[in-house]
Amino acid sequence: MQPRNMSMSGVVDLAAVKAAQEAKVKAEQARAEAARHGGTGAVSPADLVIDVDEAGFESDVLQRSTEVPVVIDFWAEWCEPCKQLSPVLERLAVEYNGRFLLAKIDVDANQMLMQQFGVQGIPAVFAVVAGQALPLFQGAAGETQIRQTLDQLVQVAEQRFGLTGLAVDPEAEPGDRPAAAPERPAGPHDAALEAAVRALDAGDLAGAVQAYKNVLADDPGNTEAKLGLAQAELLQRVQDADPQRVRQDAADKPGDAQAQIAAADLDLVGGHVEDAFGRLIDTVRVTAGDDRDAVRLRLLELFEVVGADDPRVAAARRALARALF
């Protein structure tokens, strides 16, 4: 068993573009289906904490992550810090009232899952959202830090993936689950979008760029294609870059527009979103004319890569406006 469509690459995970759109559709369909049947598909509070093994990982984590963020607690009976962390996570799962599902994985009994997630030590906590995995923290973190991390997780899950969580009914019987959403009919551009993802998986960035452009030629407002194109073009720009040279040029030439643009691309590919945005906004302040406009346009392109609904984009837009005016 191999978890599918899982990546730790962060903001430039191209497969997440399609997963995000599908997750939004499935979440909306699940809510609509429950409403048509006169109910909410509510679960019991006891169902917010589940034990997961390798056999049930696909159904209990990957599939469930299209309707609710799944937080994974890797633990073992012999792990003393785990005995401090796990009860906190279990209590918060109930307190957050369905905004995330807690999946507990015993590493002694599930070595394959431990290896697939790259767990180096326990306790280790990950999340899976719309099939995409990301590390949260390792070790027995304090409750304040845990709450901050969970708050960020549920915010991103709702804003970028449309996952508002599970409805919880204190009187529901344990084991009840919301009705499965009906399959989404194939859209007119699904085949082209799938071709773009396949090209990315094969490392064919030029092919992915062209596939997304094909969709946009027919449907200029296609959000998934816009985001995919911006991300594929970013990866194409940095594909042959020498990171050490690019960063040295940026350090030596703080007012050089092209040097800072190249370094910002590397920042974003590395997942350093605020650094990329801040670098270009600072460069806008110290440049003029065509150089300034080039920096501004690249920043707008990077906003497309991250996604307009990301709070970091909103903050950077405000900072850009102050720098320009």
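With which residue does Lys104 form a salt bridge, and how far apart are the closest N and O atoms? In this predicted model, where local features need pLDDT of at least 70 and side-chain atom pairs count only at pLDDT 80 or more, totals for chains, interfaces and linings use all residues. Residues are numbered from 1 along each chain as its sequence is written, and side-chain values use heavy atoms, with hydrogens and water left out.

The partner of Lys104 is Glu90, with the closest N and O atoms 3.2 Å apart; a salt bridge is taken as a side-chain nitrogen of Lys or Arg within 4 Å of a carboxyl oxygen of Asp or Glu. Because Lys104 belongs to strand E3 and Glu90 to helix H3 (residues 80–95), the pair ties together parts that are 14 residues apart in sequence. Helices (H or I, at least four residues) and strands (E, at least two) are DSSP runs, numbered from the N terminus. In total, the structure holds 15 salt bridges.

Five strands make up an open sheet of mixed pairing, in the order E1-E3-E2-E4-E5, where two strands pair if DSSP finds at least two bridges between them. Strand E1 (49–51) and E5 stand at the edges with a single partner strand each, so one side of each is left without a neighbour in the sheet. Neighbouring strands of this sheet are turned against each other by 25° on average, direction ignored. E1 pairs with strand E3 (residues 101–106) in the parallel sense over three bridges, and Val49 stands opposite Leu102 in E3. Strands E4 (residues 124–129) and E5 (residues 132–138), by contrast, run antiparallel and are joined by six bridges, with Phe126 opposite Pro135 in E5. E4 and E5 form a hairpin with two residues between them, and Ala130 in the turn has a positive phi of about 50°. Helix H5 (residues 143–161) lies across strand E2 (70–75), E4 and E5, running at about 165° to E5; contact means heavy atoms within 4.5 Å.

The axes of helix H7 (residues 205–218) and helix H8 (residues 223–238) come within 9 Å and cross at roughly 155°, axes being lines fitted to C-alpha atoms, for helices over the stretch in contact, with angles from 0 to 180 degrees between N-to-C directions. H7 and H8 are therefore roughly antiparallel to each other, a term applied to angles over 145 degrees. The contact involves, among others, Leu205, Val209 and Tyr212 of H7 and Leu229, Ala232 and Leu235 of H8.

Definitions and conventions:
Angles under 35 degrees count as roughly parallel, over 145 as roughly antiparallel, 65 to 115 as roughly perpendicular and the rest as oblique.
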